[in-house]
Amino acid sequence: MDINKIAEQNYDWVERMGWHNKTTLEALALVASEVGEAINECRGEKPTDNFKEELADIVLRVLDIAHWQGINMEQELLDKMKKNEQRGTRGRIK
């Protein structure tokens, strides 16, 4: 299954739940909230078993926004990876 199909399926589920009554800014704040939850799962010496679920929550929230805004995330990810590759280290130490 491609990432845009996952985004569509997740969007449809969120819509059925009635959770699309927010602004883009509010939706981004929910992404930040999920990042905070992931951070909490990393407070020990190593991430907890719940860390992977929190990462999935972050990705699903981002994909929901992307689908809502008509963004082809698969293409955007590929384009960004290419751009990063072309950019190189840009002064960063490897």
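Predicted model: local features only at pLDDT ≥ 70, side-chain atom pairs only at ≥ 80, totals over all residues.

User: How does α2 compare with the span expected at 1.5 Å a residue?

Analyst: Helix α2 has 17 residues and reaches 25 Å from its first C-alpha to its last, close to the expected 24 Å.

User: Which residues of α1 are buried, and which of α2?

Analyst: Buried means under 20% relative accessible area, exposed means over 50%, and partly exposed lies in between, with a 1.4 Å probe and protein chains only. In α1 the buried residues are Ala7, Asn10, Tyr11 and Val14. Seen down the axis of α1, these residues fall within an arc of 105°, so they line one face of the helix; the arc is that of the directions from the helix axis to the C-beta atoms. In α2, Ala27, Val31, Glu34 and Ala38 are buried. Their arc, seen down the axis of α2, is within 60°, so these residues also line one face of their helix.

User: Why do residues three or four places apart point the same way in an α-helix?

Analyst: An α-helix has 3.6 residues a turn, so residues at that spacing point the same way.

User: How many salt bridges does the structure hold?

Analyst: A salt bridge is a side-chain nitrogen of Lys or Arg within 4 Å of a carboxyl oxygen of Asp or Glu. The structure holds two. In one of them, the side chains of Glu8 and Lys5 meet at 3.8 Å, N to O. Glu8 and Lys5 are three residues apart in helix α1, which means that about one helical turn separates them. Glu8 is partly exposed, with a relative accessible area of 31%, and Lys5 is also partly exposed, at 38%.

User: Where do Glu34 and Arg61 lie, and how far apart in sequence are the parts that the pair ties together?

Analyst: The side chains of Glu34 and Arg61 meet in a salt bridge at 3.4 Å, N to O. Glu34 lies in helix α2 and Arg61 in helix α3, so the pair ties together parts that are 27 residues apart in sequence. Glu34 is buried, with a relative accessible area of 8%, whereas Arg61 is partly exposed, at 30%.

User: How much space lies in the largest pocket, and which residues line it?

Analyst: Rolling a probe the size of a water molecule over the atoms shows where empty space is left. On a 1 Å grid over the protein atoms alone, with a 1.4 Å probe, a pocket is an open set of points with protein on both sides within 12 Å along at least five of seven lines, and lining residues have an atom within 4 Å of a point. Grid points are joined across faces, edges and corners, and a volume is the space filled by probe spheres set on the points. About 220 Å³ of space lies in the largest pocket. Its lining consists of Asn10, Trp13, Val14, Trp19, Lys22, Ala27, Glu34, Asp57, Leu60, Arg61, Asp64 and Ile65. The elements that give two or more residues to this lining are α1 (3-17), α2 (24-40) and α3 (51-68). Helix α3 gives the most, with five residues.

User: How far apart are the C-alpha atoms of Gln9 and Asp64?

Analyst: Sequence separation and spatial separation are read together here. Gln9 and Asp64 are 55 residues apart along the chain, and 9.1 Å separates their C-alpha atoms. Gln9 is found in helix α1 and is partly exposed, with a relative accessible area of 40%.

Methods: Residues numbered from 1 in each chain as written. Heavy atoms only, no water. Helix = DSSP H or I, 4+ residues; strand = E, 2+ residues; numbered from the N terminus. Expected span 1.5 Å × (residues − 1).
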